[in-house]
Amino acid sequence: MQSGATSTPFAKGTATRQRILDAAVARFAGQGFRDTTVAAVARDAGVTAPAVHQYFGSKQELFYAAFEYDVAPVLAAFHGGGGPGRHLALDSTAAQHGLV
């Protein structure tokens, strides 16, 4: 690494993952699971669709990660640590979107 450089590969990967999650949350919230495409999320995040798959594996896994990223912290605070309410909410959301 060059002297004076502040970014590490890990930090860059973390920032990319964050951008993908932010884009996914916005797309899933605005369009729902069925109408959101990995390509649209990738475009919004400034990456390629294969990059999204590299980070998250599949659209369903991206959805779960976006949910965990955006909603789970609120549920955890609400339920005092995320106990059973967190899993119930994930299962309910997945069922609403035909994922289970």
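The chain has six helices and zero strands, where helices (H or I, at least four residues) and strands (E, at least two) are DSSP runs numbered from the N terminus. Along the sequence the pattern reads α-α-α-α-α-α. This is a predicted model, so to speak of local features I need pLDDT of at least 70, and side-chain atom pairs count only at pLDDT 80 or more, while totals for chains, interfaces and linings use all residues. Residues are numbered from 1 along each chain as its sequence is written, and side-chain values use heavy atoms, with hydrogens and water left out.

Some totals. Of the 100 residues, 33% count as buried. Buried means under 20% relative accessible area, exposed means over 50%, and partly exposed is in between, with a 1.4 Å probe and protein chains only. The chain exposes about 6200 Å², and carbon and sulfur atoms supply 57% of that area. Those areas come from the Shrake-Rupley method with a 1.4 Å probe, and for residues only the protein chains shown count as cover. On contacts, meaning heavy atoms within 4.5 Å: among those between residues at least 6 apart in sequence, 54% join residues at least 24 apart.

Now the charged pairs. Side chains of opposite charge can pair when their charged atoms come close. The rule for a salt bridge is a side-chain nitrogen of Lys or Arg within 4 Å of a carboxyl oxygen of Asp or Glu. How many salt bridges does this rule give? The count is one. The partners are Arg 27 and Asp 44, at 2.5 Å from N to O. This pair links distant parts of the chain, with Arg 27 in helix H1 (residues 9–35) and Asp 44 in helix H2 (residues 38–45), 17 residues apart. Asp 44 counts as partly exposed because its relative accessibility is 40%.

Staying with H2, its buried residues are Val 38, Ala 40, Val 41, Ala 42 and Ala 45. Arg 43 is also found in H2, but Arg 43 is exposed, because its relative accessible area is 58%. After H2 comes Gly 46, whose phi is positive, near 75°.

Between H1 and H2 there is a loop, and Thr 36 is in it. Is Thr 36 buried or exposed? Thr 36 counts as buried, because its relative accessibility is 1%. A polar atom of the Thr 36 side chain lies 2.7 Å from the backbone oxygen of Gly 32. Leaving aside residues up to four places away in sequence, Thr 36 touches Arg 27, Phe 28, Gln 31, Val 41 and Lys 59. Two of those names come back with the rings.

So, the aromatics. A pair of aromatic rings is described by the distance of the centres and the angle of the planes. Rings of Phe, Tyr and Trp (its six-membered ring) pair if their centres lie within 6.5 Å; planes under 30 degrees apart count as stacked, over 60 as edge-to-face and the rest as tilted. A search of the whole structure finds five aromatic pairs. One of them is Phe 28 with Phe 63, which is edge-to-face, at 5.1 Å centre to centre and 85° between the planes. That pair also links distant parts of the chain, Phe 28 being in H1 and Phe 63 in helix H4 (residues 59–70), 35 residues apart. Phe 28 and Phe 63 are both buried. Tyr 55 and Phe 56 form a tilted pair, 6.4 Å between centres and 35° between planes. Of these two, Tyr 55 is partly exposed because its relative accessibility is 33%, and Phe 56 is buried because its relative accessible area is 6%.

Ring pairs also link Phe 28, Phe 33, Phe 63 and Tyr 64 into a cluster. Over the ring of Phe 33 sits the charged end of Lys 59, 4.4 Å from the ring centre; the criterion is NZ of Lys or CZ of Arg within 6 Å of the ring centre and within 35 degrees of the ring normal.

Beyond four places in sequence, Thr 16 touches Val 47 and Tyr 55. With the same exclusion of residues up to four places away, Arg 17 touches Tyr 55, Phe 56 and Ala 65. The C-alpha atoms of Arg 17 and Ala 51 are separated by 9.5 Å, and these residues are 34 apart along the chain.

Technical notes:
Polar contact = N/O pair within 3.5 Å; in protein donor to acceptor, adjacent residues only side chain to side chain.
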